[in-house]
Amino acid sequence: MTFFGLVLFIVGAVLGFYASQRNCLIAFITRGDMNFWTAMEILGGLVALAGIIIALIEFVKKT
């Protein structure tokens, strides 16, 4: 399942980086503007974090 965690991380990172091209998170922090791409950027970050955690847990279980 380490493979699943790595794939989840890659998908989340790509989604987050694609959404961040619009400077959505900066606008959300400075002005409070929340739109679809800001939500996608936050979701991508959470998915990438979950992928890292899953990959690390599975890596530790294997050793």
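This is a predicted model: local features need pLDDT of at least 70, side-chain atom pairs count only at pLDDT 80 or more; totals for chains, interfaces and linings use all residues.
Trainee: What makes up the order of elements in the protein?

Mentor: The elements run α-α-α from the N terminus, with three helices and zero strands. Helices are DSSP runs of H or I with at least four residues, strands are runs of E with at least two, and both are numbered from the N terminus.

Trainee: How does the radius of gyration of the protein compare with that of a compact globule of 63 residues?

Mentor: The protein has 14 Å, whereas such a globule would have a value near 11 Å. The radius is taken over C-alpha atoms, and the globule rule is 2.2 Å times the number of residues to the power 0.38. Along the principal axes, the C-alpha atoms fill a box of roughly 45 × 15 × 15 Å.

Trainee: How do you know that the span of H3 agrees with its number of residues?

Mentor: The expected span of a helix is 1.5 Å times one less than its number of residues. For the 27 residues of H3 this gives 39 Å, and the end C-alpha atoms are 39 Å apart, so the two agree.

Trainee: Which residues of H3 are called buried, and against what do they pack?

Mentor: Thr38, Met40, Glu41, Gly44, Ala48, Gly51 and Ala55 are buried in H3. Buried means under 20% relative accessible area, exposed means over 50%, and partly exposed lies in between (1.4 Å probe, protein chains only). The buried residues of H3 pack against H1 and helix H2 (24–31). Over the 63 residues of the protein, buried ones make up 24%.

Trainee: Why is the pair of Tyr18 and Trp37 called edge-to-face?

Mentor: Rings of Phe, Tyr and Trp (its six-membered ring) pair if their centres lie within 6.5 Å; planes under 30 degrees apart count as stacked, over 60 as edge-to-face and the rest as tilted. By this rule the count comes to two aromatic pairs. Tyr18 and Trp37 lie 5.4 Å centre to centre with 70 degrees between the planes, an edge-to-face pair. This pair links distant parts of the chain, with Tyr18 in helix H1 (residues 2–19) and Trp37 in helix H3 (residues 36–62), 19 residues apart.

Trainee: What makes the pair of Phe36 and Trp37 edge-to-face?

Mentor: Their ring centres are 5.1 Å apart and their planes stand at 75 degrees, so this pair is edge-to-face. Tyr18, Phe36 and Trp37 form one aromatic cluster. Phe36 is exposed at 52%, whereas Trp37 is partly exposed at 26%.

Trainee: How do you know that Asp33 forms a salt bridge with Arg31?

Mentor: A salt bridge is a side-chain nitrogen of Lys or Arg within 4 Å of a carboxyl oxygen of Asp or Glu. The closest N and O atoms of Asp33 and Arg31 are 3.0 Å apart, and the two form a salt bridge. Arg31 counts as exposed at 59% relative accessibility, while Asp33 is partly exposed at 39%.

Definitions and conventions:
Residues are numbered from 1 along each chain as its sequence is written. Side-chain values use heavy atoms; hydrogens and water are left out. Contact means heavy atoms within 4.5 Å.
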